[in-house]
Amino acid sequence: MPLRPISALAVLVAVGVVLVAPPPNLTAAEGPSLIGGGPLAFGPDDVLFIADNAGARIVALELGDAVAGATPGTSEIEGIDRYIAARLGTDASEIRIHDLAISPTSRNAFISVSRGRGAGATPVLLRVDGASAVEVIKINQLSFTEISLPNVPAADPAARRNPRASSVTDMAYVDGQLFIAGLSNEEFASKLRSVNYPFTTANAGTSVEIWHAAHGRYETHSPVYTFVPYELDGEQNLIAGYLCTPLVKFAVSDLEPGAKITGTTIAELGNRNRPIDMVVYEKDGQDYLLMSNTSRGVMKIPTAGFGGQPGLTEPVPGGGTAGVTFETVDGLTGVEQLDLLDDTRALVIARDDTGRADLTAVQLP
Amino acid sequence: MARSGKLRASAPAVRHHPLRDQARHVAITACGLGWVLATGCGSDGPPPLPPVEIQLAGSGDSAGVELLGLSPAELGALGDARLSDDVWSQLLRVTVVPPDKADASDLPPVLGSYTVEDDRVRFTPMFPFDPGREYAVRFDVAHLPGREPAPKQPAPVVDVVSLPRPPVEPTTIVERVYPSGDQIPENQLRLYLHFSAPMSDVDGLEYLSLRDNRGQPVEDPFLPLGLEFWDPDHRRYTVFFDPGRIKQGLGTNERLGQALDAGQTYTLVVDPAWPDAEGNPLQAPFEKPFKIGAADTTPLDSDTWRLRVPSAGSTERLVVSFPEPLDHALMLRTIGVEFQDGEAVLGRVETGSWETRWTLTPNTPWQAGRYALIAGTTLEDLAGNRMNEAFEIDLLERVDEATAGEASEVEELAAADIVRIEFEVQ
């Protein structure tokens with residue numbers, strides 16, 4: 001089903017305003033100034049999507065020549081947090097790394113960070129090239145388009161700023177659409193949105209219900225933390241990792257604005273855990289999903305069973321696992337950021353026991 | 001003008017640092033001329049070190065580092081040389097001094113721009129210097145353009161600069177916690193902490209604990225969402241109880257049991273070390289006790305709401321009373337009033353009576369006519385129950401209806417996301 005514009009659907013309480021995103025703001029030489037940092041995703045033609053979580057918007061940055069440093073690829077950097085902090089004139093404790101994305105063309109790494117921990121923290125986008133050059137991308141010199149994320153306005157416009165804030169947890173671009181998973185600080189439901197790129201309007205979001213097999217109920221009250229687009233039997237799907245940790249597939253064609261749909265829970269990967277990042281890769285003729293987690297390591301999951309796996313409908317008690325099989329990758333610990341560097345390697349930012357974060361290339365398992 | 005690496009008065013609150021003293025010592029040894037370095041070391045030694053001075057210039061966000069004492073010829077050569085940032089940073093290198101003063105020789109220079117002005121070179125950092133942080137500044141004359149090569153060059157001049165750190169004056173307090181009442185259900189979903197001033201972007205869970213009636217901390221009561229749920233002003237922090245400890249059947253609940261037990265009293269404890277946006281701790285610790293009632297799994301029912309309708313021509317409050325406390329943030333955001341012409345009624349919205357009451361005081365007098373109270377179905381009670389939808393209810397049937405729908409049914413579903421309660425003002 002085609003996605004429909006929000007204007008036909010949005011019904012707001014209290015003030016009756018229709019949530020239509022403002023027209024794209026295209027500026028030739030005066031670039032965006034971000035309010036906050038957030039996830040990254042590469043789109044077509046060296047466009048880098050940046051979720052400006054504090055600004056409740058997504059910026060599509062046209063990197064142009066900035067997509068590549070002097071050397072293709074990405075070098076490993078020990079203590080990347082300390083290194084970035086030193087370049088930005090502060091201490092590693094003042095640096096928060098939001099996301100890592102590899103350019104499909106230059107294979108340089110782009111890292112979204114915040115400098116500072118206060119309300120005035122400054123978002124910074126950095127590029128690491130194959131010769132260890134770490135450069136700040138001067139985004140204010142780049143062309144961009146942007147789209148605001150719908151936010152229900154406060155009932156009382158005279159009150160101070162609307163305290164509701166949305167946080168984008170992950171984004172992915174596929175076939176002219178940017179998919180966006182997000183949370184709010186006032187509701188607990190997961191929200192998946194899609195927007196056509198080039199930007200027109202953001203839709204109202206599809207509330208997604210899943211069978212949480214550890215729980216035994218259908219629920220909307222669980223946030224999506226990471227997802228990837230993936231074709232199953234010729235149909236575009238999203239594979240999503242939820243808190244505590246169902247793995248769920250949705251057909252993209254089912255994502256209808258304003259609708260509630262049921263995803264198919266293809267695995268229950270364990271409780272007390274938050275998935276962080278996932279990528280799909282091919283090895284020896286087989287596709288695998290590689291997923292990093294807060295407390296259950298990095299999982300390697302063959303995708304061969306995704307299409308045929310019947311949805312889990314029975315509770316999985318005691319924090320156990322069920323559904324498609326997976327293995328936990330030895331030796332990969334503390335992985336906080338993950339992306340594919342090339343056909344055989346992933347690039348990770350992993351924190352060791354001393355708290356040091358290293359930018360490291362690892363062979364795909 | 002001083003003729004040494006000594007800082008001038010424009011850089012207040014600078015402390016001695018071993019780096020600086022060591023560098024001066026090396027310089028003195030190389031030349032044997034004490035602090036005044038202008039005269040060089042004689043014809044057989046290295047070319048003389050210019051009489052330079054390093055100083056912090058400007059204040060606050062516009063602070064930078066200046067190098068004074070180069071000759072007009074040297075400054076002219078620098079201005080003409082169009083040095084790359086790499087070469088500039090070899091000549092005048094600014095690096096962060098780690099808080100623990102650990103070896104920082106492997107640290108890269110701070111990013112910034114270099115300009116040559118009338119009588120000085122200025123380094124302006126790309127991001128403002130942090131107040132209170134020390135920055136090492138090293139001038140290495142060997143990289144000065146046109147400098148005569150020599151087997152031995154004077155050792156670099158190193159100094160340390162820092163902006164004064166504002167005094168630690170804790171003034172921020174926890175103003176309110178919602179729910180504001182002293183009783184919450186066993187399956188309470190979230191808490192809101194309101195601070196009197198913007199807070200730092202840190203993981204608040206490190207500063208929050210829940211203690212049982214024996215004063216023992218409850219293990220992992222809150223959800224480690226990994227995103228800091230601040231409002232845009234960083235004054236309100238949202239805490240979610242771990243649904244694994246609320247919902248029946250999730251593993252954490254089986255292992256740890258419910259975080260809250262009905263009939264018991266728990267105390268939310270806020271550690272005053274929680275830094276505000278200025279990096280200062282809170283003025284005082286904060287505690288709020290809660291008595292725990294039975295779990296609430298009943299959906300909201302708008303038929304139970306009671307309205308006290310004001311009279312036409314007045315600006316009296318419209319009062320809506322609920323049989324139970326509702327979520328404070330959602331009350332403020334998802335409830336409103338519109339007039340018969342569809343226009344929203346603007347005014348002051350307040351909650352009261354431990355969030356069992358919502359009031360609207362209009363900016364302009366009520367008109368005689370039909371009004372509607374409008375509430376979004378995203379409105380929740382303390383346990384996350386919504387209109388016609390309990391937090392734990394099985395929604396399979398409704399999901400099937402929604403996904404089977406054609407476009408028109410989807411629109412109806414969207415229209416059904418609000419409830420309207422009409423009333424007449426006379």
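Modeller: Domain bounds are taken from an automatic or database domain assignment. This is a predicted model, in which local features need pLDDT of at least 70, side-chain atom pairs count only at pLDDT 80 or more, and totals for chains, interfaces and linings use all residues. Residues are numbered from 1 along each chain as its sequence is written, while chains are lettered from A and ligands numbered from 1 in the order in which they are written.

Colleague: Which domains does the assignment give for chain B?

Modeller: The assignment gives domain 1 (18-162), domain 2 (174-293) and domain 3 (302-425).

Colleague: How many residues of domain 2 of chain B are in contact with domain 3 of chain B?

Modeller: Contact requires C-beta atoms, placed from the backbone, to lie within 7 Å. By that criterion, 11 residues of domain 2 of chain B are in contact with 9 residues of domain 3 of chain B.

Colleague: What makes β11(B) and β13(B) a pair?

Modeller: Strands are DSSP runs of E, at least two residues long, numbered from the N terminus. Two of them pair if DSSP finds at least two bridges between them; β11(B) and β13(B) have 4 bridges, in the antiparallel sense, and therefore pair. Within this pairing, R211(B) stands opposite T267(B).

Colleague: Why are β9 and β11 of chain B called edge strands?

Modeller: The open sheet has the order β9-β14-β13-β11 (chain B), and β9 (183-185) and β11 (208-211) each pair on one side only.

Colleague: Where does pLDDT stay under 50 in chain B?

Modeller: On the predictor's confidence scale of 0 to 100, residues 247-255 of chain B stay under 50, and residues 393-415 of chain B are also below 50.

Methods:
Contact = placed C-beta atoms within 7 Å.
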